[in-house]
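Here's a quick walk through one protein model, helix by helix and then as a whole. Have a look at the fold before reading on.

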Amino acid sequence: MKFSEAWLREWVNPALDSRQLAEQLTMAGLEVDAIEPVAAPFEQVVVAEVLSFEPHPDADKLRVCQVTVGAGEPLQIVCGAPNVRAGMKAPLAQVGGRIGEMKLKQAKLRGVASHGMLCSARELGLSDEHQGLMALPADAPVGMDLREYLGLDDCSIEVDLTPNRGDCLGIEGLAREVGALTRSDLTPPQIVDVPPSVADSLVVDVKEPQACPRYLGRVIRGIDPSAATPLWLQEKLRRSGLRSLGPVVDVTNYVLLELGQPMHAFDLARVTGGIEVRYPHAGEQLVLLDERCVEPDGETLLICDQAGPLALAGVMGGRDSAIGADTRDLFLEVACFAPAAIAGKARAYGLTTDAAHRFERGVDPALQGRAMARATQLLLEIVGGEAGPVSEAFSEAHLPARAEILLRRDRIGRVLGFVPDDPTIVDLLARLGVDVEAAEQGWRARPPSYRYDLGIEADLIEEVGRVFGYDNLPSANNRGALLMRPVPETRTPLQRLRCLLVDRGYQEAITYSFVDAAQQAVVEPGLSAVALRNPISSELAVMRTSHWVGLIGAARHNLSRQQGRVRLFEQGLKYIQQPNEIKQDNYLSGLVCGSRFPEQWGEETAAADFYDLKADVEALLDCMGVRAAFPAEQHPALHPGQSARIVCNGVARGWLGRIHPGVAQKLDIPVLTYLFELDLQVLDQSRVPSFQNLSRFPSIRRDLAIVVSAETPAGDLCDAITARAGDALTGLTVFDVYQGKGIEMGRKSIAFGLILQDSSRTLTDEDVDRVMAAVTRQLEDQFGATLRE
């Protein structure tokens, strides 16, 4: 919200300078982003009148003007502006004056003396207009200092409002806030109801009262299409960041900035029959003011006449009913739209409008009558005409009502750490427009209609602290009962896993929980993603069902910036649509792409592979003391020959594998990219370490080489050996896998090293032979294994 400080001070004028006022607003939660002068620095620039002009004798585009500043002889000024004319009033920078860093001196232009410079608006820093001289009104006093005449010793203040403070999107709301903060009285302009002087009106039919609980309309006939917007109104708009678009539109914009109420004016001659507020019929189209043709969806509220749509309600008007240079009769609209009915509609059509910005945050439902009176009053003063009666349609049942809130003293103390005395609390709430009534525990409070953000007790406590002044709250040491919550021994701290991955060369990524729906469908084609009703952009339209979409995007971003080795991990929630809820699961996911090791002299460069990723996952599981198996299974995003489930204690807990070539092509990522995800429920399944005496007796190692089907997983063989060998087995390792000459096609040789040891005695050869024979029989029976010769 950008506004003129001088305009604000017409409503409330605290004894603060600009910097102090900005600090007060910022400390109260209305952060001031910028304070800028409304004009460039200049001196000795006055209102001048052009008496006459004649062509320059030696330059076709220059004119020699005779100009008066009221006192003394006329001045000769050489000017190249195409719009200069006799009788025109314009700014004149006199000799000895200054514009910015430039000091005006008497000069000769192509041999003709010039005693000053007639100025454009851009040269004075008032606007970007530079096609000619800045034309001043005919009643501008000749010789008066321009800064004084235009009130240019003013600042434009820009406030960054949070979405809950829609009540401050107007001078009136800001003045209320400043008045409450500084205990200053408000001096609002007098708004008088204009009685109708003609009987003309349009019937208003609101077919969707839940979306538009109040709609006011008024016919104004016989306006002067040649009327111009007064300079004072143009200046207030300019200093608030809006340009003048003609008197009718300027008045509606003025009311928008002054009261915070969006308005719209239709050319009455282009309106057929009455007004309807409804949702669109199938196939209806509307050409907007920006010349774009849109086909509104079924949830977009429209303002229509009997012939079809006139405007997107609360967003933008239509071209065909817009005010034009020949408009003589108009229909003025003021409405209250429900925030939910307007939220996201502007963005859905690629628009950003001041009206939608305000309606999305909530407009005072009691403001429409005052706004209509203010606009009518200004229009009749500026463009003339005759006003008809106000047509109003409203639904009391659908108007937003402010519920009564119980504000308790002890709750104020718990939240703020301090309770102001009762008269102070009542006074500051009253200054905010809150109706307060004493109650046993504190007060019953009813917020004003324009404060949509006050709905619960905590909101009122925030207002107490904010208006009282956070700097004025006494300092106190926090005190409270500390509760030590038990930490299960079987839970592994998540920070340990993060640090482990960092130690293994990964970097943590934090990506959006919102992802592109098309990319999500490529990675998780079988899952229905949760769609956002009001997405930030079309690329962030659904909730993620996997971290992989975000990690792939981050990897692609890094790879395109010459980062050849990428290792990323992310911990966070996945969102899975369920019939009655959105399931939120906490996962740890990772991505590996590029070389196995950073470039160095001691190792040859080699690309990371499936087993590098598997080693990282196993290290995570070992850190938690969780045993896992990795059976080969297929995932739509992973290569069918290089993908596996992560199974912990018999329960599937994740996936790992190489990206599917088709997915890699669609997502523009290298095919040698590897991914994993791990359900963090395993954090609570860690094995608790226990002490075991070291055996004083020697261990014995026996190697066993068998031939089995090439499809037999080594993990299944290890499980069978461990189960059959019993307590005597203290160590087991796979030290060789071979396929080739001497081994049948479709089979493989795999060699195990078994470490056998007893804690109470030395094992004999017979003991060891007995264990090895039992293990061999088990492998023969279960897997059809044969001993390798």
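Asp-17 caps the N-terminal end of α2, with a side-chain oxygen 3.2 Å from the backbone nitrogen of Arg-19. This is a predicted model, so local features need pLDDT of at least 70 and side-chain atom pairs count only at pLDDT 80 or more, while totals for chains, interfaces and linings use all residues. Residues are numbered from 1 along each chain as its sequence is written, and side-chain values use heavy atoms, with hydrogens and water left out.

Helix α2 itself runs over residues 18-27, and Ser-18, Leu-21, Ala-22 and Leu-25 are buried there. Looking down the axis of α2, those buried residues fall within an arc of 100 degrees, so they line one face of the helix. (The arc is that of the directions from the helix axis to the C-beta atoms.) The face turned away from the buried side carries exposed Arg-19 and Glu-23. Buried means under 20% relative accessible area, exposed over 50%, and partly exposed in between, with a 1.4 Å probe and protein chains only. Helices here are DSSP runs of H or I with at least four residues, strands are E runs of at least two, and both are numbered from the N terminus. The cover over the buried residues of α2 includes α1 (5-11), β2 (31-37), β11 (155-160) and α4 (171-182).

| Helix | Glycine after it | Phi |
|---|---|---|
| α2 | Gly-29 | about 100 degrees |
| α6 | Gly-260 | near 85 degrees |

How many of the 13 residues of α6 are buried? Twelve are, so α6 is largely enclosed by the rest of the structure. Among them are Asp-250, Asn-253 and Glu-258. Helix α6 (residues 247-259) reaches 18 Å from its first C-alpha to its last, close to the 18 Å expected at 1.5 Å a residue (1.5 Å times one less than its number of residues).

Over in helix α13 (residues 457-468) sits Glu-457, which is buried with a relative accessible area of 11%. Its side chain makes a polar contact with the side chain of Arg-408 at 2.6 Å. Leaving aside neighbours within four places in sequence, Glu-457 is also in contact (heavy atoms within 4.5 Å) with residues including Ile-405, Leu-406 and Arg-411.

Zooming out, the protein has 20 helices and 38 strands, and 48% of its 789 residues count as buried. Its C-alpha atoms fill a box of roughly 130 × 80 × 60 Å along the principal axes.

Notes
A polar contact is a pair of N or O atoms within 3.5 Å; within protein, one must be able to donate a hydrogen and the other to accept it, and residues adjacent in sequence count only if both atoms are side-chain atoms.
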